[in-house]
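Here is a short tour of one protein model and its ligand. Have the coordinates open as you read.

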Amino acid sequence: MITVFKNIKELIQTREENINKVSGEEMNILPTIKNAFLVIENDRIINFGSMKNIPTITNATIVDCTGKMIFPSWCDSHTHIVYAGNREQEFVDRINGLTYEEIANRGGGILNSAKKLQETSEEELYKQSAKRLEEIILLGTGAVEIKSGYGLTLAAELKMLRVIKKLKENFGIPIKATFLGAHAFPAAYKTNEEGYIDVIINEMLPKVASENLAEFIDIFCESGYFTVKQTEKIIQAGKKHGLQPKIHVNQFTSIGGLEASVRNNALSVDHLEVMTLNDIAVLKGSNTMPVALPSCSYFLSIPYTPARKIIDTGLPLALATDYNPGSTPSGNMNFVVATACVKMKMTPEEAINAATINGAYAMNLSNEVGSITKGKKANFFITKEIPSYGFLPYSFGTNVIETVYVNGKNG
Ligand code: NIG
Ligand code: FE
């Protein structure tokens, strides 16, 4: 089936030749075609260009986009959307003066979510998670990474990863699974950290790998969580099972986790709210994508990732939501793009590149999604009538998306 979208006010992120990512000054260049057409066949983009050159196609469905723009879907490379219940009470506790750290230290935080998840059936967990996935697809997300890490026992981690697998089977968008058994130490291992690391390496990892439940491995490398040494040990164990590292580093402190991740060829390093000059220097010359999560900074009132320093040094940057029950109960990439502009001083061009092609890179999906390119998946959204693409981040909090296409289909 062929569909032709015509009279598109502006077709965003058009790349004749596919690229993997954009870095430094190039991030400020967002290729677009004004007054454009787009042709899709089944689930693929097969042609696009200026209306002047629109081909005659018989038997095609025509969609008139007068006044509206088309963006490639957002690529959200960092989420934890498989979780049970919520942590609204901790949100109120923080309003009343407790810190995120204090809440975690008294058994709240990740351990609170783990307890809820362990008590929730796989069916119920699937139901709650599928609802979140439906919600983010309607907000324009067309590819997503999802982590485990709220199980913290072999059975519960496997339950999470099987839910992710089921989501993959039942939803059309590309979904990548990450094993994050090293998210926090369970209470039973508080004084026996090596014991839990042993469980991760010798019990969880072999099972995750043999059932093919994850492509990436993640560790929360942070003061009070996993040390750099422990992180590196788990990364290397993951690599032996073919899992590529994507690591939580530098959220609250810079302790050397970024350098260890880059040394081990991590696909991405995520959070980066606290960055030293050395951290930035280490990223130069590497293939590791730095990923910023501005909704997390917003929700926890912690510093924003220094995007200007990162981009102005010539590095790439990706943007993702971090959708999770504790630090970021929101999966809205439109808000992420707006917040990156408002709080991190990224231009709309930089933010859109970061949320599309660079997000795709951070999931190994640059060949499939992230731009309007022939052969790529027909995952995109049509906006309402808007005056310019910069209007999307400008009108933060307003949903400018009218229709979402996944695999060439809407609805
Ligand atoms: O990315 N920082 C580590 N993990 C999650 C949040 C964990 C939680 O509070 O549930 C994050 O922010
Ligand atoms: Fe996270």
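## The shell around the ligand

Sorted by class, the residues around ligand 1 come out as 4 nonpolar, 9 polar and 2 charged. In that scheme Ala, Val, Leu, Ile, Met, Phe, Trp, Tyr, Cys and Pro are nonpolar, Asp, Glu, Lys and Arg are charged, and the others, Gly among them, are polar. The shell has 15 residues, and the closest are R87, Y100, Y150, Q251 and S327; to be near the ligand, a residue needs a heavy atom within 4 Å of it.

A word on the ground rules. This is a predicted model, with local features needing pLDDT of at least 70 and side-chain atom pairs counting only at pLDDT 80 or more, while totals for chains, interfaces and linings use all residues. Residues are numbered from 1 along each chain as its sequence is written, chains are lettered from A and ligands numbered from 1 in the order in which they are written, and side-chain values use heavy atoms, leaving out hydrogens and water.

## What holds hands with the ligand

Which side chains put an N or O atom by an oxygen of ligand 1? S327 does, at 2.5 Å, and H271 does too, at 2.8 Å. D322 also has a polar side-chain atom 2.9 Å from a ligand oxygen. On its own, ligand 1 has 320 Å² of accessible area, and the protein covers 100% of that. Accessible areas here are Shrake-Rupley values with a 1.4 Å probe, and for residues only the protein chains shown count as cover.

The polar contacts in this report are pairs of N or O atoms within 3.5 Å; within protein, one must be able to donate a hydrogen and the other to accept it, and residues adjacent in sequence count only if both atoms are side-chain atoms.

## Helix 12

Among the buried ones are M333, F335, V337, T339 and M344. Buried means under 20% relative accessible area, exposed means over 50%, and partly exposed is in between (1.4 Å probe, protein chains only). Helices (H or I, at least four residues) and strands (E, at least two) are DSSP runs, numbered from the N terminus.

Look at both ends of this helix. At the start, a side-chain oxygen of N332 comes within 2.9 Å of the backbone nitrogen of N334. Just after the helix, K345 has a positive phi of about 55°.

## Loops worth a look

L272 sits in the loop between strand 11 (268-271) and helix 9. Its phi is positive, about 60°, although L272 is not a glycine, and its relative accessible area of 0% makes it buried. N407, in the loop between strand 15 (401-406) and strand 16 (409-410), is another non-glycine with a positive phi, of about 50°. N407 counts as buried at 17% relative accessibility.

T288 belongs to the loop between helix 9 (277-283) and strand 12 (289-292). T288 is buried at 3% relative accessible area, and a polar atom of its side chain lies 2.7 Å from the backbone oxygen of A266.

## Across the fold

Helix 9 also contains A281, which is partly exposed at 48%. In strand 7 (residues 141-147) you'll find E145, buried at 0%. E145 and P174 are 29 residues apart in sequence, and their C-alpha atoms are 8.4 Å apart in space.
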